Amino acid sequence: MKTITVVGASLAGLSAARELRAQGFDGRLVIVGDEPHQPYDRPPLSKDFLLGRAEEADLALTDAAERCALEAEWLLGVHASGLDLAAGEVVLDNGTVRTDGVVIATGARPRMLAGQGNLNGVHTLRTIDDALALRADLDRAERVVVVGAGFIGAEVASTCAARGLNVTVLEAAPKPLPGLGDEMASACASLHTDHGVRLLCGTGVVGLSGDHRVREVLLSDGSAVEADVVVIGVGVIPTTSWLQGSGVPLGNGVVCDPGCRAGLANVVAVGDVASVGGHRVEHWTNATRQPRVAVRNLLADSLVESCAETPYFWSDQYGVRIQFAGRVLPSDKVEVVEGSIEDRSFVAVWRRENSDVGVLAFNHTKTFTRLRRTLPRAV
Amino acid sequence: MLRVCDLSQLPPGESIRVDGPVPVAVFNADGVIYAIDDTCSHQDASLSEGWLEGCFVECPLHAASFDLRTGLPTCLPAKRPVRTHQVSVVDGVIWLHRAAQDVA
């Protein structure tokens, strides 16, 4: 391959570019990113950045020296609108890139709320520009409503509480994070109520009201919650619309084999957009680990390695460091093996038959780190 | 010099955090004692809670790895080194000599 184009310039795309060079690709490397910014780290956006403790420069994933060493052509602020494999072209809004290989790393975009409308004061959080807009709006706010009690919603709620705001979290499910099971979901939910944040579960949002600016969030039970700022955190949709009609198999993201190969020669996908071996993982660590395997298979033009990372993520909320690793099922048995939920300081292990399959820790990093290593490698 | 603990309290493979203005992580790497800055140079995480393998420690949050002998990162996401500190073992007690700039 003479040219490889990486579409997506965030963590997964950058990691893929690094891997291409590290694994000896010395051809032309093009990196396309639809945001105008150099690659930056997203996890702090809902935490230190929103709190004002980190600025744009603190989030940089690369520096000038590394970018120089990568010898890549960066097309930033450029939107990829299509992929024409017959012609060997990535189609851009402002032209095309002739390419032999493609790494798809376009990530995901926030899901919107039905009836969200176009009122001021309503935010989603994915990009640095989203975070800057939200941060500025919070400076003038007193009452914040967070829709969705997943990890982004929970981190935003925690940060808003730390900013001294009046925070309500709305969750449509009976409990947040149902995938963790009743007991551990309750442990996560309790962090909100411990810190004076109101958590309303089993409540759907039917709409938002206000004139130009949001004033109220309307709930399915007919009531309403007043809000100066609303943050919608109801999940993401993989960014695949630009691949419609390209022949790249699409489902819940780009459908890949266990080695990140997207069904067609010379096309791989990594990060949030990639459904690899039936799993689409939206975690930071995944975006840093998949590219090594994907690039290896791309350069070998065959499946020489499969991804075998155990999913891992962390979240910082209300001064508690939450860490989780593994893949768990509702039928698995979960047991606290150290500390106590009441103290918000514990390690819990999920067991299936006689194997440990998942670990969750609140402020128990050392034991978590040890137990995480005992989990079976995911296939 | 700061008393860390008895050597018997830090068996091979174990680590301990020494609190202070700049916390320090002290490791027993297969019988050799090392000390480095405890806070990962990438983001806020305690290296004393990391995974020790030979004379390398892997950060428990994002898996950056540091060489305990030099403080240099061996892989991303860390790019900057952590400082190393001198330690000595006298009569079964581990002592930490903090880097000069921390003494004041």
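A: Domain bounds, in the sense used here, come from an automatic or database domain assignment. This is a predicted model, in which local features need pLDDT of at least 70 and side-chain atom pairs count only at pLDDT 80 or more, while totals for chains, interfaces and linings use all residues. Residues are numbered from 1 along each chain as its sequence is written, and chains are lettered from A and ligands numbered from 1 in the order in which they are written.

Q: Which domains does the domain assignment of chain A give?

A: Domain 1 is made of two pieces, 3-109 and 236-300. Domain 2 covers 112-232, and domain 3 covers 319-372. Between the centres of domain 2 and domain 3 of chain A, taken over C-alpha atoms, there are 27 Å.

Q: How many residues of domain 2 of chain A are in contact with domain 3 of chain A?

A: Two residues are in contact if their C-beta atoms, placed from the backbone, lie within 7 Å. By that rule, six residues of domain 2 of chain A meet eight residues of domain 3 of chain A. The domain 2 side holds four nonpolar residues, one polar and one charged. In these classes Ala, Val, Leu, Ile, Met, Phe, Trp, Tyr, Cys and Pro are nonpolar, Asp, Glu, Lys and Arg are charged, and the others, Gly among them, are polar.

Q: What scores does the model have, and what is the mean pLDDT of chain B?

A: pLDDT is the predictor's confidence in each residue, on a scale from 0 to 100. Where pLDDT is low, the predicted coordinates should not be read in detail. Chain B has a mean pLDDT of 92, with 94% of its residues at 70 or more. The model has ipTM 0.86 and pTM 0.93.

Q: Which residues of chain B does the UniProt annotation "domain: Rieske" cover?

A: UniProt positions are given in the numbering used here, with shortened feature names, and annotations may be inferred rather than shown by experiment. The unreviewed UniProt entry places this annotation on residues 2-96 of chain B. In the model that span is 0% helix and 46% strand, and its end C-alpha atoms lie 5 Å apart. Helices (H or I, at least four residues) and strands (E, at least two) are DSSP runs, numbered from the N terminus. For chain A, an unreviewed UniProt entry lists "domain: FAD/NAD(P)-binding" at residues 3-290. Here the span is 23% helix and 31% strand, with its end C-alpha atoms 21 Å apart.

Q: Where does the largest share of the side of chain A that touches chain B come from?

A: Five residues of chain A are in contact with six residues of chain B. Helix α8 (residues 365-372) of chain A supplies three residues, the largest share of the chain A side. By class, that side has one nonpolar, two polar and two charged residues.

Q: Which residues of α8(A) are buried?

A: A residue is buried if 20 or more other C-beta atoms lie within 10 Å of its own, exposed if 12 or fewer, and partly exposed in between, with C-beta atoms placed from the backbone. In α8(A), the buried ones are A:Thr365, A:Phe368, A:Thr369, A:Leu371 and A:Arg372. They pack against β23 (312-317), β24 (320-326), β26 (345-352) and β27 (355-362) of chain A, together with β5 (51-53) of chain B.

Q: How many residues of α5(A) are buried?

A: Eleven of the twelve residues of α5(A) are buried. Among them are A:Phe151, A:Val156 and A:Cys160. The helix, residues 151-162 of chain A, reaches 16 Å from its first C-alpha to its last, close to the 16 Å expected. The expected span is 1.5 Å times one less than the number of residues. After α5(A) comes A:Gly164, with a positive phi near 80°.

Q: Is A:Cys260 buried or exposed?

A: A:Cys260 is buried because it has 32 C-beta neighbours inside 10 Å. Its phi is near 75°, a positive value in a residue other than glycine, and its loop runs between β19 (253-256) and β20 (267-269) of chain A. A:Leu177 also has a positive phi, near 50°, and sits in the loop between β11 (166-171) and α6 (182-194) of chain A. With 19 other C-beta atoms within 10 Å, A:Leu177 is partly exposed.

Q: Which peptide bond is cis?

A: The bond from B:Leu76 to B:Pro77 is cis, with omega near 5°. B:Pro77 belongs to the loop between β8 (73-75) and β9 (84-90) of chain B.
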